[in-house]
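Today I went looking for charged side-chain pairs. My notes follow below the structure.

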Amino acid sequence: MFNHIMVGSNDIERSKAFYDATLGVLGFTGEAMRHVNATGQTRLFYRHEGNTFGISEPIDGEPACHANGATIGFKCSSTEQAKAWHDAGVAAGGTSIEDEPGLREGGSLGTMYLAYLRDPDGNKLCAISRAVA
């Protein structure tokens with residue numbers, strides 16, 4: 001359904017350090033593809049297992065901001081991977097939000113492990129593992 005997800009950044013290098021750390025925990029290796037468009041904005045693209053996550057300096061020249069009510073969820077293969085993602089994000093300048101990382105009962109969705117962060121630009125991120133022992 002999705003081709004890519006992109007978030008804005010007011011400091012592309014700070015965001016690169018954050019996403020290098022968090023996406024590395026999820027299996028991304030190598031370097032993000034860097035692209036500078038015709039009007040000078042830098043974008044970074046992380047491609048992994050058929051998915052693309054991007055970071056961009058805003059094209060309209062306005063400051064980047066996060067969407068109220070929006071969350072980007074990253075699928076993890078285990079609770080350990082989700083916890084490592086969270087810890088890498090905090091170490092790379094992210095902010096832990098909501099409840100501490102841990103198990104949540106999702107009603108008809110079952111039990112899952114969730115960890116939430118805000119990236120350095122305020123975007124709300126979640127690591128989720130449905131592989132709960």
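Which side chain does Glu 13 meet in a salt bridge? I looked it up, bearing in mind that this is a predicted model: the partner is Arg 34, at 2.9 Å from N to O. The pair ties together distant parts of the chain, with Glu 13 in helix H1 (residues 12-25) and Arg 34 in strand S2 (residues 33-36), 21 residues apart. Glu 13 is partly exposed at 42% relative accessible area, and Arg 34 is partly exposed at 43%.

Next entry: Arg 14. I found this residue in a salt bridge with Asp 121, where the closest N and O atoms are 2.8 Å apart. This pair also links distant parts of the chain: Arg 14 sits in helix H1, while Asp 121 is in the loop between strand S8 (111-118) and strand S9 (124-129), 107 residues away. Asp 121 is buried, because its relative accessible area of 11% falls under the 20% cut-off. Arg 14 is partly exposed, with 34%.

Then I turned to Lys 16. Its salt bridge with Asp 20 has the closest N and O atoms 2.7 Å apart. Both residues lie in helix H1, four residues apart, about one turn of the helix. Is Lys 16 buried or exposed? I get buried, with a relative accessible area of 11%, whereas Asp 20 is partly exposed at 28%. I also noted that Glu 31 joins Lys 16 and Asp 20 in a network of salt bridges.

Last, the tally: I count six salt bridges in the structure.

Technical notes
Residues numbered from 1 in each chain as written. Predicted model: local features only at pLDDT ≥ 70, side-chain atom pairs only at ≥ 80, totals over all residues. Heavy atoms only, no water. Salt bridge = Lys/Arg side-chain N within 4 Å of Asp/Glu carboxyl O. Helix = DSSP H or I, 4+ residues; strand = E, 2+ residues; numbered from the N terminus. Buried < 20%, exposed > 50% of the residue type's maximum accessible area, 1.4 Å probe, protein only.
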